[in-house]
Every structure is written in C-alpha cells, then in structure tokens.
Amino acid sequence: MTKETLYPAYLTKIHIDRTPNLKLALTAGVGSDHFDVKACVTKNITVAEVTGSNLLSVAKHAGDTWYPQPAPADHPWRTIRKNAMTVHYSGMTLEAQQCIEVGTKAILVNFFEEKPQKQVDLIVEGGEIVSLSYKIM
C-alpha cells in the first residue's frame, strides 16, 4: 500500500486485519500518521517513508505553519513587516515531487527485488519499530 501526502489513505487496524497479505506500507512523503504503526508491528508489515522528500519544500516555504494554531495575537511573526501567514501551504514544489517519485520507486524496487531498504527510510521492519523517532510510541 502506498500513501501520498496530499491524498491520505488511512491504514487502520481494521484494514490491516482484513489484508493478511499486506507486507509493505509506504508513505510517499514523510511520517506515518496515516498508518496504525502498532498494528503494522503486530502483523510484521514493513512501514517505510521517503525520508527527506519534504526538506526542499519546507525550506522554501518556511513560516507557513506554526504551533499552536491559530497563532496568538501577540505572536512575533504577526508584527514582522512584509510577512504573510497561512495555516498551511498545501502545495508542493516540483523538486519535492521528483524526490518523492525517485524515493518511492527505490523503496518499491528494493521491496520487489528483495533487497534491503535504506535504514533511514524504515519505520517498522521485521515486526519491530526500527526508527528511533517512533520508539517512544
């Protein structure tokens, strides 16, 4: 199963239980918030992401998101001259799209040719969480 950032597919425990042959959940972007990671661990489903695919997009559009939302009235960015704030920039640069395409293809080729994945792209493998970012779940 692949999921693209702007067209999310939610892979819940219910979906996972109904797809006994599912072996790979791939997010064509970054993050696994659309996947039930714990259920993937239980069913030994590899979860991978295209690591770094959003770096260029985020760098080019820095300042388009903030925490908490909405920004409070006294948020420092509200007083910066020539600044525009938006809730979130929903578009994506062509460079980021190309990075996602190349990364997704590489992960799929490795999967179908039974080659190891780049460790940096893995969230779950072999029935365990292998990404340090997700180990606290």
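Which residues touch the most other members of the largest nonpolar core?

1. Largest core. The model is predicted. Its largest nonpolar core has 15 residues, and L11, V47 and V124 are the ones that touch the most other members. Two elements give two or more residues to this core, namely α2 (37-42) and β4. Of these, α2 gives the most, with four residues. As background, nonpolar side chains tend to be buried together in soluble globular proteins.

2. I107 belongs to the buried residues of helix α4, and L122 is the bridge partner of A48.

3. Surroundings of V47. When neighbours within four places in sequence are set aside, V47 is in contact with A25, S32, F35, C40, D121, L122, I123 and V124. V124 is, like V47, one of the residues that touch the most other members of the largest core.

4. Strand pairing. Strand β3 (residues 46-49) pairs with strand β4 (residues 122-125) in the antiparallel sense, over two bridges. Within this pairing, A48 has L122 of β4 as its bridge partner. β4 is also joined by two bridges to strand β5 (residues 128-129), and these two strands again run antiparallel. Here E125 is bridged to E128 of β5.

5. Hairpin turn. β4 and β5 make a hairpin, with two residues between the strands. G126 sits in the turn and has a positive phi of about 60°.

6. Helix α4, length. Helix α4 covers residues 94-112, which is 19 residues. From its first C-alpha to its last it reaches 27 Å, close to the 27 Å expected at 1.5 Å a residue.

7. Which residues of α4 are buried? They are A96, I100, G103, T104, I107 and N110. These residues lie on the same side of α4 because they cover an arc of only 130° around the axis. L94, Q98, E101, V102, K105 and F112 are exposed, on the other side of the helix. The buried list holds T104 and N110 along with I100 and I107, while the exposed list holds L94, V102 and F112 along with K105.

8. How many salt bridges does a search of the whole structure find? The search finds three. In one of them, D17 is joined to K13, with the closest N and O atoms 2.8 Å apart. D17 and K13 are four residues apart in helix α1, so about one helical turn separates them. Both are partly exposed: D17 has a relative accessible area of 36%, and K13 has one of 46%.

9. Because K43 lies in the loop between α2 and β3 and D17 in helix α1, the pair ties together parts that are 26 residues apart in sequence. K43 counts as partly exposed, at 44% relative accessibility. The cut-off for a salt bridge is 4 Å.

10. K115 forms a salt bridge with E113, where the closest N and O atoms are 2.9 Å apart. K115 is partly exposed, with a relative accessible area of 46%, and E113 is partly exposed with 46% too. Through shared partners, salt bridges join K13, D17 and K43 into one network.

11. T12. This residue is found in the loop between β1 (2-4) and α1 (13-18). T12 is partly exposed, its relative accessible area being 32%. The C-alpha atoms of T12 and D36 are separated by 5.2 Å, although the two residues are 24 residues apart along the chain.

12. S133. The segment after β5 contains S133, which is exposed, with a relative accessible area of 59%. S133 and I123 are 10 residues apart in sequence, and their C-alpha atoms are 8.3 Å apart in space. I123 is also among the contacts of V47.

Definitions and conventions. Residues are numbered from 1 along each chain as its sequence is written. This is a predicted model: local features need pLDDT of at least 70, side-chain atom pairs count only at pLDDT 80 or more; totals for chains, interfaces and linings use all residues. Side-chain values use heavy atoms; hydrogens and water are left out. Buried means under 20% relative accessible area, exposed over 50%, partly exposed in between (1.4 Å probe, protein chains only). The expected span of a helix is 1.5 Å times one less than its number of residues. The arc is that of the directions from the helix axis to the C-beta atoms. Two strands pair if DSSP finds at least two bridges between them. A nonpolar core is a set of buried Ala, Val, Leu, Ile, Met, Phe, Trp, Tyr and Cys residues joined through side-chain atoms within 4.5 Å. Contact means heavy atoms within 4.5 Å. A salt bridge is a side-chain nitrogen of Lys or Arg within 4 Å of a carboxyl oxygen of Asp or Glu.
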